Every structure is written in C-alpha cells, then in structure tokens.
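I opened this notebook to record a series of look-ups in one model. The entries are grouped by topic.

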Amino acid sequence: MFVISKLTAEHAAKAAELHRAAGALIPGYDTSLHTAEEFHSFYRDDVMKNDELWGAFDGAVLCGFVALIPSWIDHLYVDPELHRRGIGSRLVKLAQAQQPELRLYTFQSNAPARALYELHGFIIEEMTDGQRNEEKMPDITYRWIRTP
C-alpha cells in the first residue's frame, strides 16, 4: 500500500532520478540532453521551490510524484518498475481533488501517459509539432475540468 504525502527538499534528488528513469521509456525522449547533475539542480533549484509536490511512498521509498502549479500538472513520474500499479492514477486524482481545472503537456509518443490522462477525463486541447519544447518532440496539451 502506497502512502501519499508532500515532498520536501530532501526528496529532490530522488524525484530527479524518477524523472530520468521514466523519461527514458518515452519513445524519442533523449534523457542525455541534460546530465544527471542538471536534472538534480533543476529539481533542487526550480521544481522543489516553485511547485507543490506530492509523492507516493512505500515506507521511506519515493515511488512516484506529481508536481503542481496553479491549474497545471507540471510533472508526473512513477518508478518504471512500479508502472500499472495505480500510483499514477492516485496522483492524478489527488491533483484533480485540489484544483477545479488542470492542464498538462505530454509527448505524443508517450502512449501510456496519454492513456492514463484520458482514463481520468483529460481531453486533447492542442497538438503541436514540438517546436515549443527543448526536445523538439511533438507534444499534446491536455485539459480537464471538474464537472458539477
């Protein structure tokens, strides 16, 4: 059973590692665009300071997390060894419970993420050729609005 709780600065390195590990599974996503230290710095100096992060824990082990900014899911990553165990769904539901409307970006090639978001009522708002992201990969903006 996974416990959901807020992340603290001490979790920055593990969140960065989960991002790299899960990102490596996305077809076309090149995790070598940034070094491990750059991922760590990004989480320590940006994400942990600007986002509200919630994690799924098995004991003291961080198994997945969601990073929220107003009206957006900024990041959502789950340990690849724990995919398809409901962690992503729990994190999406937590985000939906906290905000009446959400948007997020994902890569068009990330079929598992797309299926997760669509399962939870997100609809495609926009598809692009990827020129707006540093990876230059076609992406999607998803939107979800709580219904009364």
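**Entry 1: basis.** I worked from a predicted model, in which local features need pLDDT of at least 70 and side-chain atom pairs count only at pLDDT 80 or more, whereas totals for chains, interfaces and linings use all residues. Residues are numbered from 1 along each chain as its sequence is written, and side-chain values use heavy atoms, with hydrogens and water left out.

**Entry 2: H1 and H2.** I took helices (H or I, at least four residues) and strands (E, at least two) as DSSP runs, numbered from the N terminus. I looked up helix H1 (residues 12-23) and helix H2 (residues 36-50), whose axes come within 8 Å and cross at roughly 125°. The axes are lines fitted to C-alpha atoms, for helices over the stretch in contact, and the angles run from 0 to 180 degrees between N-to-C directions. H1 is therefore oblique to H2; angles under 35 degrees count as roughly parallel, over 145 as roughly antiparallel, 65 to 115 as roughly perpendicular and the rest as oblique. I recorded the crossing of H1 and H2 as right-handed; a crossing is right-handed if the near helix is turned clockwise from the far one by less than a right angle, and left-handed if anticlockwise. Contact means heavy atoms within 4.5 Å. On the H1 side, the residues making the contact include Ala 12, Ala 16 and Arg 20, and on the H2 side they include Phe 39, Tyr 43 and Met 48. By class, the contact of H1 with H2 has eight nonpolar, two polar and three charged residues. Here Ala, Val, Leu, Ile, Met, Phe, Trp, Tyr, Cys and Pro count as nonpolar, Asp, Glu, Lys and Arg as charged, and the others, Gly among them, as polar.

**Entry 3: H3 and H4.** I found that the axes of H3 and H4 come within 10 Å and cross at roughly 45°, so the two helices are oblique to each other. The crossing is right-handed. Gly 88, Ser 89 and Val 92 of H3 meet Leu 116, Tyr 117 and Leu 119 of H4.

**Entry 4: positive phi.** Most residues other than glycine have a negative phi. I noted Ser 71, with phi near 70°, in the loop between strand S3 (61-69) and strand S4 (72-78). Arg 84 also has a positive phi, of about 70°, and is placed in the loop between S4 and helix H3 (87-98). Ser 71 is partly exposed at 31% relative accessibility, whereas Arg 84 is exposed at 84% (buried is under 20% relative accessible area, exposed over 50%, partly exposed in between, with a 1.4 Å probe and protein chains only).

**Entry 5: buried residues.** Is Phe 122 buried or exposed? I found Phe 122 buried, at 3% relative accessibility, in the loop between helix H4 (111-119) and S6. Residues in contact with Phe 122 include Val 92, Tyr 117 and Trp 144. Thr 141 of strand S7 (residues 139-145) is buried at 3% and touches Trp 72 and Glu 125, among others.

Definitions and conventions:
Lists of a residue's contacts leave out its neighbours within four places in sequence.
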